[in-house]
Amino acid sequence: MSSLDGLTIAVPRGALMKGALDLLDTLGVDTSEVRSNDRKLLFEDAGIVTMRPSDVPTYVEHGAADIGITGKDVLLEEPRDVYELLDLGFGRCEMVVAAQ
């Protein structure tokens, strides 16, 4: 299968990328090219565009991507005109506080 009915999905590079691609694989999206090419950003056949996690909401908000996957921390840090549709249940956020 190439993409999900022509949707463009914004996928974050970094810690969430593997979990996001595993999820897309279970939906029938072929992510093999994304996994094998760490330099390319746009994968038209799969309907995937990869970027920094902090850029995902911007791409979705402005219509460059139809839907995106990013960390909840990214959504909470800067208010945007996007919504959290579903907690995907992967990824881990740790908060460390240091004081002197």
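Which exposed residues are carried by the face of α1 turned away from its buried side? They are K18 and T26, where exposed means over 50% relative accessible area, buried under 20%, and partly exposed in between (1.4 Å probe, protein chains only).

This is a predicted model, in which local features need pLDDT of at least 70, side-chain atom pairs count only at pLDDT 80 or more, and totals for chains, interfaces and linings use all residues. Residues are numbered from 1 along each chain as its sequence is written, and side-chain values use heavy atoms, leaving out hydrogens and water. Mean pLDDT (the predictor's confidence in each residue, from 0 to 100) is 86 for the protein, with 91% of its residues at 70 or more.

Helix α1 spans residues 17-26, and its buried residues are M17, A20, L21 and L24. They lie on the same side of α1 because they cover an arc of only 95° around the axis, taken from the directions from the helix axis to the C-beta atoms. Helices (H or I, at least four residues) and strands (E, at least two) are DSSP runs, numbered from the N terminus. The cover over the buried residues of α1 includes β1 (9-12), α2 (32-36) and β3 (48-51). After α1 comes G28, with a positive phi near 95°.

The largest nonpolar core has 12 residues, including I9, V11, F43 and I69. Such a core is a set of buried Ala, Val, Leu, Ile, Met, Phe, Trp, Tyr and Cys residues joined through side-chain atoms within 4.5 Å. With 4 residues, α1 gives the most to this core.

Technical notes: Contact means heavy atoms within 4.5 Å.
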